[in-house]
Amino acid sequence: EKNVSETFLNITDLTAGEQYTISVTALAADNLTEGLNQIVSTYSKPEAVNNLHVSGVKETSLSLGWTQPNGERLFYTIKFENKTTILSTNETQGIVSELTPGEVYCFKVIAVAGDNQTESDERKICQFTKPEVVTDLSVTNKTTISVFVTWTKPKGSSSFYRVKLTGGALWEKNVSETFLNITDLTAGEQYTISVTALAADNLTEGLNQIVSTYSKPEVVRNLSVTEVTTVSISLNWTKPEGNSSFYKVQWTDGNMTWNSNETEPFINITNLIPGGNYEIKVTAVSGDNLTEGARVSVSRYTSKFVLRHNSGTTR
């Protein structure tokens with residue numbers, strides 16, 4: 001209670017967000033005779049929330065959290081920056097959903113007093129949602145030293161893509177296009193490629209998409225015929241540079257074709273026809289059993305005559 005001579009008064013030392021009833025009565029000069037009092041009820045302004053932060057980031061939602069302020073309040077409101085109210089809660093957290101992936105959103109959190117009108121100062125925070133995952137990641141072309149990868153832009157927004165390579169080398173690059181030719185690889189090596197969309201803050205990442213592939217093996221070297229009989233041809237070659245898992249050997253007489261997979265750099269091809277002409281191709285194959293290097297070939301006839309030491313030479 002306080003007596004004043006002015007027609008105004010600043011009442012201090014109140015509790016934030018608390019309801020107060022104030023009555024004002026005029027007194028006569030005898031300091032005893034009172035008129036009827038006039039009453040008003042009001043709330044002090046709530047304190048602003050503390051430690052506003054983003055506690056969870058997803059593609060279409062953001063989770064916010066904050067610390068309860070001193071004093072009293074009835075609930076909190078979360079608003080977009082344009083002051084559109086998103087939700088009200090009496091908890092010190094809230095989830096804003098139905099957002100667009102890869103977009104930035106700014107929010108204001110305000111404490112509201114028990115009259116549903118008196119608001120605290122606002123606290124503001126901005127955050128990007130996660131971009132969606134890229135789709136259709138695939139290897140469209142490969143050589144002995146490169147692989148060409150493409151993908152489809154994700155739904156929503158994204159600023160650029162982070163491409164990571166693991167395997168025979170560790171490598172990372174940021175690109176704005178939906179394709180990349182990765183070079184300087186080792187022939188026949190397995191590589192894992194991941195592509196991740198990032199938001200414009202250069203920090204908020206979507207989930208990555210992964211593809212595993214092999215570069216092409218190099219061509220085998222020094223393919224040569226080491227022995228020829230009437231029914232067999234023996235060959236050897238030098239292991240190609242880089243890596244390979246096995247060798248695919250194919251031979252044909254022009255009418256029929258045969259195949260054999262070999263792990264060593266040589267082969268003895270048997271059960272051939274005397275005097276027959278055979279084209280023999282050798283290809284290095286990578287560890288996926290699918291990716292083949294360039295073929296190298298040689299043509300050779302089997303021997304036509306058989307030498308018999310006891311009875312002479314016969315056809």
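A salt bridge is here a side-chain nitrogen of Lys or Arg within 4 Å of a carboxyl oxygen of Asp or Glu. In this predicted model, local features need pLDDT of at least 70 and side-chain atom pairs count only at pLDDT 80 or more, whereas totals for chains, interfaces and linings use all residues. Residues are numbered from 1 along each chain as its sequence is written, and side-chain values use heavy atoms, with hydrogens and water left out.

The predictor's confidence in each residue, pLDDT, runs from 0 to 100; the protein chain averages 93, and 97% of the residues score at least 70. Over residues 311-315 pLDDT stays under 50, and for this stretch the model has eight contacts beyond four places in sequence, a contact being heavy atoms within 4.5 Å.

Side chains of opposite charge can pair when their charged atoms come close. A search of the whole structure finds seven salt bridges, among them the pairs tabulated here.

| Pair | N to O distance |
|---|---|
| Glu-119 and Lys-79 | 3.5 Å |
| Arg-162 and Glu-205 | 2.6 Å |
| Lys-248 and Glu-292 | 3.1 Å |

Strands are DSSP runs (E, at least two residues) numbered from the N terminus, and accessibility is classed by relative accessible area (buried under 20%, exposed over 50%, partly exposed in between; 1.4 Å probe, protein chains only).

Glu-119 and Lys-79 form a salt bridge. This pair links distant parts of the chain, with Glu-119 in the loop between strand S8 (104-112) and strand S9 (123-128) and Lys-79 in strand S5 (residues 75-80), 40 residues apart. Glu-119 counts as partly exposed because its relative accessibility is 33%, while Lys-79, at 14%, counts as buried.

Arg-162 and Glu-205 also meet in a salt bridge, and they too link distant parts of the chain: Arg-162 belongs to strand S12 (residues 160-167), Glu-205 to the loop between S15 and S16, 43 residues apart. Arg-162 is buried, with a relative accessible area of 15%, and Glu-205 is partly exposed at 32%. The loop between strand S15 (190-198) and strand S16 (209-214) also holds Asn-202, a residue other than glycine whose phi is positive, near 65 degrees.

Lys-248 is partly exposed at 25%, and Glu-292 is partly exposed at 26%. Salt bridges that share partners join Arg-162, Lys-164, Glu-172 and Glu-205 into one network.

Notes:
Helices (H or I, at least four residues) and strands (E, at least two) are DSSP runs, numbered from the N terminus.
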